[in-house]
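Hi there,

Here is the structure I promised to pass on to you. Have a look around it, and then read my notes below.

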Amino acid sequence: MFVQKIDPANLTAYLTALHSDKGGIHIMAKKGEQFFFKIYRLKTQAALILKQDCLSLGAEFATPKEAILFKEPYQDGILIANQKHLELLIKKCQTQPFGLKELAQTLKSYLKTPSQPLQLMGIINANEDSFYDKSRFLGENALWRIEEMIKEGAHIIDIGAASTRPGSDWVSEEEELKRIRPIAKAIQESRLFERVKFSIDTYNPSVAELCLDCGFSLINDITALKNPRMVSLAKERQCEVVIMHMQGESPRLMQQNPHYENVIEAVDRFFVERIETLHESGVSQITLDVGIGFGKSVEHNLKLIRHLSHFKRFGLPLLVGASRKSLIHALSPSMTEERLPGTLILHAEAYKAGASLIRCHDVKEHAQAFKILQALESTEA
């Protein structure tokens, strides 16, 4: 006899290889997927009801040992349940008072998280002040690098003419247009947009409009389309948009003592507000970017990557861009050109947690790394 421990993520593959009944596979797979939630500030009455409901189903809800004494009006707790438990628990909560109906709606959002295909977004900086000098390409050099990135496996190429590194100032629309226009026109004339998708990394509507006119199809805006003109443009062109979370009003100020009571909750609230606003404005093709390095400490950045799966509840593509950032230097002192290994580790972890769009400087190396990672994931039971 031999006993092999298996990864719960591969349970369906193992059951299929075992030639189990198809209906049974569906039922058993639900029991194999485990959910772990920390629930904050739940009314004590609700916490005790939830605990009893969990026990009746075979799930668990851990609370402080003195919760039963009602010394505090609110309690934090940790919910442990498989998918089958969660489905039944949601039904029970939908009939209960004390905020449990609202909890049911939140938990329900985690049951439908469609998987997104992995895409690599290559970075080109059409300026002289980006933090990584090897990502700076102007004129014909930019076209050469675009061709190279296409061959290396880029699905999207993100071009920006204004640095957003920590401490940088806003660039005027006139200066940004001056920098981006020659590259955008060359992309249009060579029809490179027929071979790969182009994204414009900008917060200026006139820059975005120029690039959309030249064949770009995605707006990557670090201010999350807070400019009404940008919202109107995205609606008019029905283009894809990336909205990013950033603490502070500008890159110049964002890293001045970033503070959050709970960074996951803060970013979640931000996305809820922006998604609702954009949907009401007629913008629906949205990708979410948690904003690694934009108004976050090292600890904040690590938490966001580690708990990225939380944001899958929105059912939208998730972008992560940690490429060669100072986060890596803070953990392992290194020059910018020495940070590829750290970049690959962070991006691999982000992918495993749910990121489907990886923004990177080193497309070739990322394409190889993810090919290996995906081969490991698809290895048969």
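Of the 381 residues of the protein chain, 48% count as buried, meaning under 20% relative accessible area with a 1.4 Å probe and protein chains only. This is a predicted model, in which local features need pLDDT of at least 70 and side-chain atom pairs count only at pLDDT 80 or more, while totals for chains, interfaces and linings use all residues. Residues are numbered from 1 along each chain as its sequence is written, and side-chain values use heavy atoms, leaving out hydrogens and water.

The protein chain has 14 helices and eleven strands; these are DSSP runs numbered from the N terminus, with at least four residues (H or I) for a helix and at least two (E) for a strand.

Now to the barrel. Eight strands close into it in the order S4-S5-S6-S7-S8-S9-S10-S11, with parallel pairing; two strands pair if DSSP finds at least two bridges between them. For example, two bridges join S9 (residues 286-289) to S10 (residues 318-320), and Leu288 has Leu318 in S10 as its bridge partner.

Helix H5 (residues 100-108) is worth a look too. Its buried residues are Leu100, Leu103, Ala104 and Leu107. Seen down the axis of H5, they fall within an arc of 105° (taken from the directions from the helix axis to the C-beta atoms), so they line one face of the helix. Among the elements covering them are strand S1 (34-43) and helix H3 (44-57), where contact means heavy atoms within 4.5 Å.

Enjoy exploring!

Conventions. Buried means under 20% relative accessible area, exposed over 50%, partly exposed in between (1.4 Å probe, protein chains only).
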